[in-house]
Amino acid sequence: MRLEKRAERSAAMALASPVIALGLTVITAAIIFALRGISPLNGLYVYFIEPLTALWSVEQLLVKATPLVLIGAGLAVAYRANVWNIGAEGQLTAGAIMAGMIPVMLPNWQSPLTLILMLLLGSIGGMLWGSISAFLKNRFNANEILTSLMLVYVVQLLLDWLVRGPWRDPKGFNFPKSITFTDWQLLPYITSGIHLGVIIALVMALVLGFVMTRTLKGFEITVAGLSPRAARFSGFSKQGTVMFCFLLSGGLAGLAGAIEISSVVGQLQPQISPGYGFAAIIVAFLGRLNPVGAILAGLLLALSYIGGEAVQTALQVPEKITRVIQGVLLFYVLACDTLIAYRIAGLPSATEKRA
Amino acid sequence: MTAPLLEVQDIVKVFGTLKANDNVSLAIMPGEIHAFLGENGAGKSTLVKMIYGALQPTSGTMRWNGQVVKIQNPAEARALGIGMVFQHFSLFDALTAAENIALALPGAHDISALSKRITSVSKDYGLPVVPHAAVGDLSVGERQRIEILRCLLQNPKLLIMDEPTSVLTPQEAEQLFIVLRRLAAEGCAVLYISHRLEEVMSLCSAATILRHGKVVARLDPRRETAVSLARMMVGAEVAQVKSTAPATRGAERLVLQNLSLAADGAFAVALKNISLSVAGGEIVAIAGVAGNGQGELFDAMSGERSLQDDRLLLVDGKAVGKSGINARRKLGMAFVAEERLGHGAVPELCLSANMVLTRHASDRGIANGIMIHMDQAEIAKERIVKNHDVRKGRADPEARSLSGGNLQKFVIGRELDRNPGILIVNQPTWGVDAGAAAAIRQALVDLSRQGSAVLVISQDLDEIFEIADRIAVISRGQLSDAQPAGTLTREAIGLLMAGSHEMKSGENNHAA
Amino acid sequence: MELLFTLLTIIMTAATPLLLAALGETVTERSGVLNLGVEGMMVMGAVAGFAGAYLTGNPWVGIPFAILAGMSMSLLFAFLTMTLLANQVATGLALTLLGLGLSALIGERLVGQPGIKLPQLFGIDPLIPISFLLTGFVSWLLFRTKAGLIVRAVGNNHASAHALGYSVILVRYLCILFGGACAGLAGGYLSLVYTPQWVENMTAGRGWIALALVVFASWLPLRVLAGAYLFGTISILSFVLQAMGLGIPSQLLSSLPYLGTIFALVVISGNKALTRRNTPASLGQPFVPDH
C-alpha cells in the first residue's frame, strides 16, 4: 500500500473519517467481548445502545459529557495552534482546588454569588496552572508536553495533601475529604438529572466554534498551527498564541473542575475525575479539532464511560474496558485522518472522475 | 567515433495525470560536458533523478556502456559510476564533512582514513575542504565542494550537476568550471543542468533541450546564441520589460541607517551597518549569493524581527525600527517573502483566507481587529486573480495546489492591490516560469513608475539588470553602496558578491 | 559505609528503568521520530513481564515477554506514523492512553498476585550491568558505526538521506522498534525487580520522565546515564527524607521527581547553544517520499 498526497484536503473524508473510526472501534469492541466469551451483539448492545434507551441514563450521559466537551473544545483550539497541552487533568484539578476554596474557607456563605465566584475561581485556577507551561515554553523553550504533564502529578499531590491535611472535614471520620457542599455551593439542576453545567459546556463549545471560524483570533490560531512562519508574517506573536491557548484550554479545564466538584462530586477528595482531562484529548481529535465537533465527540466518550459501567454490572466485564475502547478509538481516528490529506495510490479518486 | 557512455531511450515518466517525461532520449559520450536545458518544470530534474536511481521510469530503457541497466536506487547508480550534485544539496548540517561523504561511500566505516583521502583529493583538485568541519557552519560554496568531493571519491564516470552555479558568485563559478573541464579531460562525462545560457555556451560541447517533458532540440551550444537557445527553451519570444516612463527619483521613502542586527540562530547571518535609501519612482535591487543575509535583511525591514532603535529604519521620514510588521503595513509598506508556501502564504488555506494573512490589519473591510469578513476577502481575491491572471483549477483553491508561477502572481498581486508606497520583494521570480516572471517584473516596474519605492532582493543578475535603476550587493550581512545600474558590470558585481566591499564597511565601523 | 552502599543500590534500582527507557527513546529520536508513547510501552512491558513470570513461574521468561510487549506497541506506533503518516505527537499520546487501559484490562487478574523477583547474580540485579552495557552499546552504535551515522543522518535531514538512497522509513521503523524494546524492558524491570508485583499504572509517569531525560541529556547516551542517576537520586531522596520524618508533607516529597523534571527541562532547554547542536533537526516531522 502506498499513499499519495492529495492536491487538497478532502472535505468528504474529513466528515467520513470519524465515522469510519467509530465503526472500526465497534468491531474491535465486539472482538474483545467475543474473546471474553460474551456474545458480541449482546455486549455491544449493553455498551453502546442500552444507555441511550432510558431517560435517566441519557441525563447521566449529558452530565458526564459536560467536562469532556468543555475540556475537549479548549484542547481542540490549542492543538489547532500546535500547542500541545496534555495537562488538562491537572488544570481541572487546579480549578477544583480554587473553586473548592470558597465552600471550604467560607462554609456558611450562601448566595448566588458563591456559585458564580466558584466557577470564576475554577477557571482562573485552570488558567494559572496552564500558564505555567506556557510561561516555561515562552521563556525557556521548555517542551510544553512534558511540563504540562508533570504538573498534573504535582497538583494532584497538592490536592491530596489539602484533603488529608488542612482542608479535611473535621467531622469526616478521618476520611480524606472536605466538607460536603450545599445549596449555593452546588450547581442548580434544570431537570432531575441535568445541572446547569451541561448548558455552560454547550454554550462554551458553540462560542469557541464561532471564534475559530469568524474572528481574527481564530484565524491567528489556525495560521499559527499550519505555518508558524506565515503567522509571524501576518503579525501574530508566537508567544502570545502559546499563552492564549494555555489560558483558554486551562481555563476551560479549570471550569470543568469547578463544575464537577459543585455537582457530581459535591466536595473535594483526592480523586475528582476519572481521567476526563486525558479522555478529552481523544474528544479533541475525534471532534476533528473543531470545538463544535467536540460536542458530539464528548457525548460519544461519555457513552464509553457509561457503557463501561453498564457492561461491568450486567456482564461482569471489568470497566477497564472503557479505557481500552477509548485508546483504540483514538488510534482509529488518527489512522483514518490520513485519508483526509492522502489517498491510497491506485484507487480512483472522486475528483479525478469529476474532471 | 566512440560509443555513448549513457544512452537514455524513450523514457516516459507519469505522475498521476502529469506526463513529466514524454519519450525522452539522450546520449552522453565519455569525457563530454553535456548541457541539459529547459525551463522550470520542463522535466529535467525528473529525468536526472531516474538516471540516479531515485525515481523509476514508467517506461523506456537506459543503456550504460551499451548494456541495458535498471537502476533501482542511488546506491546502484553510484556503483555504476554515476555521481550527482544536487541543486538543494543533499547534505546534513549536524554532521561533519567527512561524515557527509562517508554516507555516500560503500565499504568499511573508517572516518580517520577517509579524512586523509578527502584531504589528498581536495588538494589534488583545488577544492579545499576541512574533513572535521560541521557542514552547518560552512558557506554555500564550501558545501558544494563537499558534494563534488563526495562524487569524486567514487571515481565517477558520469557526474550530474543540477544548477550548480545558481548559488555561486561568478568567480566561484569560474573555479568550478576549471574542475569540470579537468574531469572531462580525464574522461569523466558531465551532465550539466542549467538555465544560464552564457555559461552553457562556454562550457558544454553538446546540449539537449527539454520543453514540457519532450526533447525539442539536440545541438552544439557553441554554435548558438543565448537568444536562440532561450527561444528553444521557452518556445516563444519572452516579453521584454517595457518602462512606461524613465525613472524619476522622487523623495526618499525608505531609508536604512546603519542597521545592525544580531544573528538569530545557529546558521543565521548577522547584519552589519547596512545603509540604503530607496526613493519614490525607482527600483533598487540587492544582489548577492544566497545565504548572505538576504532573509535577515527582509525580516528586519518587514518588522518580523524588530530593531534595537526606531531610527534605524525610516519610512517616509517616520522612524519605525521598533514597530511590528502590521504597523509598517499601515504606513503603506508591503512585503513579498521569498518562500511562497509557508511564509508568504499558508499552503493549506484557500486563496481568500490567504488574503486575510497580510491584509487583516491594513484593510478595515477584511478585518476590524476582532471579526473577519470573508466576503470582502473573497472580493479582493477575485480582483487580484483577474488583474494578475492567476490561473487555478477552481474558484477558491488551497494555495498549495497552485503552480509556483501562479501562486507568485497571487502573493505579489495581493500586495500590489493595496497600491503600496513602498514594496519590498525577496526573490520575485524564483522558481517561476519565464512568462510569469516577465509579467511580475513588468508589474514591479509599473509600480515604481507610479511613484512608489521598490526594493528587490534577487540572486538573478539577469533580472536585476533588466529592472533595477540602482544596485547594491549584500555579502556576509554587509551591503555595498547602491550604484546606478548602468555603471556596473557583472564582473564588478561578482567581486562585490565575493565580499570586496566588506573591508570598507569594516573601516566605517571603526570610524563610527 | 554500609548505609552508603545500601543507598547506592537503591538509587541504581530507581535509575535503571529510567535509563533503559530513555536510551531507547534516544535512538528513536535520533532518527527523527518523537514517540511520546514511552509510558504506554513501558506499562505494557510491566504487565507482560509480570504475566510471563507468573504464568511460567520463571522470572527470566518475563524479560522477553516485556521486550516483545514494548515492541508490539512500538510497531503499532510505527505503522501509524510511518506508513499512515499520522501525527507523531497525537499517536504517541494515543499509545500511552491505550497502553494504560490495555495493561489494566490484561492485568486485572494479576493484581495482588505474589510477584517473583528476578534473582540477583553476584549480589546485584542482572539488569543493572546490562543497562550500563546498553549505554555503551548505544553510544558506540550512534557515534562509531556506519549504522549509527545513517540513523543520525536520517534524523538530521530525511530528504537528503532519501536522496542518497537510504530508506528513511525502514531506518525509522527499526529505531522505533528498538525504542519499544527498551521501554518494554524498562517496564519489565519495574514489575520483576523494582516492586516485583503488578499494580495498575505502576509506571507512575516514569515514561514521561524518561522522555524529559532524553532532552535533558541532549540526545547523548552518556548524559542519559548521568541524568538517570540524578533522577534516581532525587526520587530516593524523597523516600529518605520521608523516613527521616522531618515533618515535610509526604506529597511534597513525592512531587520532587516531577518538579525536578520540570526544573531540568527549563535549565537545559533555556540553554540554546547546548540543545541546538544535538537536536535531531527533523524530529517529529513526517516524511513523505516523492514517487
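## Model and numbering

Local features need pLDDT of at least 70 in this predicted model, and side-chain atom pairs count only at pLDDT 80 or more, while totals for chains, interfaces and linings use all residues. Residues are numbered from 1 along each chain as its sequence is written, and chains are lettered from A and ligands numbered from 1 in the order in which they are written.

The predictor's confidence in each residue is its pLDDT, which runs from 0 to 100. Chain A has a mean pLDDT of 92, with 96% of its residues at 70 or more. Over residues 349–355 of chain A, pLDDT stays under 50, and the model has two contacts beyond four places in sequence for them. Where pLDDT is low, the predicted coordinates should not be read in detail.

## Contacts between chains

Two residues are in contact if their C-beta atoms, placed from the backbone, lie within 7 Å. Helices (H or I, at least four residues) and strands (E, at least two) are DSSP runs, numbered from the N terminus. Chain C places 37 residues in contact with 39 residues of chain A. On the side of chain C that touches chain A, helix 4 (88–106), helix 9 (206–216), helix 11 (250–254) and helix 12 (256–270) each supply at least two residues. Helix 4 of chain C gives the largest share, twelve residues. The residues of this side of chain C divide into 26 nonpolar, ten polar and one charged. Here Ala, Val, Leu, Ile, Met, Phe, Trp, Tyr, Cys and Pro count as nonpolar, Asp, Glu, Lys and Arg as charged, and the others, Gly among them, as polar.

Chain A also meets chain B: 16 residues of chain A are in contact with 26 residues of chain B. Helix 8 (216–226) and helix 9 (228–233) of chain A each supply at least two residues of the side that touches chain B. That side of chain A has seven nonpolar, four polar and five charged residues.

## An open sheet in chain B

Two strands pair if DSSP finds at least two bridges between them. In chain B, four strands form an open sheet in the order 2-1-4-5, with antiparallel pairing. Strand 2 (18–28) and strand 5 (67–69) of chain B are at the edges with a single partner strand each, so one side of each has no neighbour in the sheet. From one strand to the next the twist averages 30°; axes are lines fitted to C-alpha atoms, for helices over the stretch in contact, and angles run from 0 to 180 degrees between N-to-C directions.

Three bridges join strand 4 (residues 59–64) of chain B to strand 5 of chain B. B:Trp64 has B:Gln67 as its bridge partner in strand 5 of chain B.

A residue is buried if 20 or more other C-beta atoms lie within 10 Å of its own, exposed if 12 or fewer, and partly exposed in between, with C-beta atoms placed from the backbone. In strand 18 (residues 453–457) of chain B, five of the five residues are buried, so the strand is largely enclosed by the rest of the structure. B:Ala453, B:Leu455 and B:Ile457 point one way, and B:Val454 and B:Val456 the other way. Strand 18 of chain B pairs in the parallel sense with strand 13 (residues 283–287) over four bridges and with strand 17 over five bridges.

Helix 13 of chain B is mostly covered, with twelve of its 13 residues buried. Its buried residues pack against elements of chain B including helix 12 (374–387) and helix 14 (434–449).
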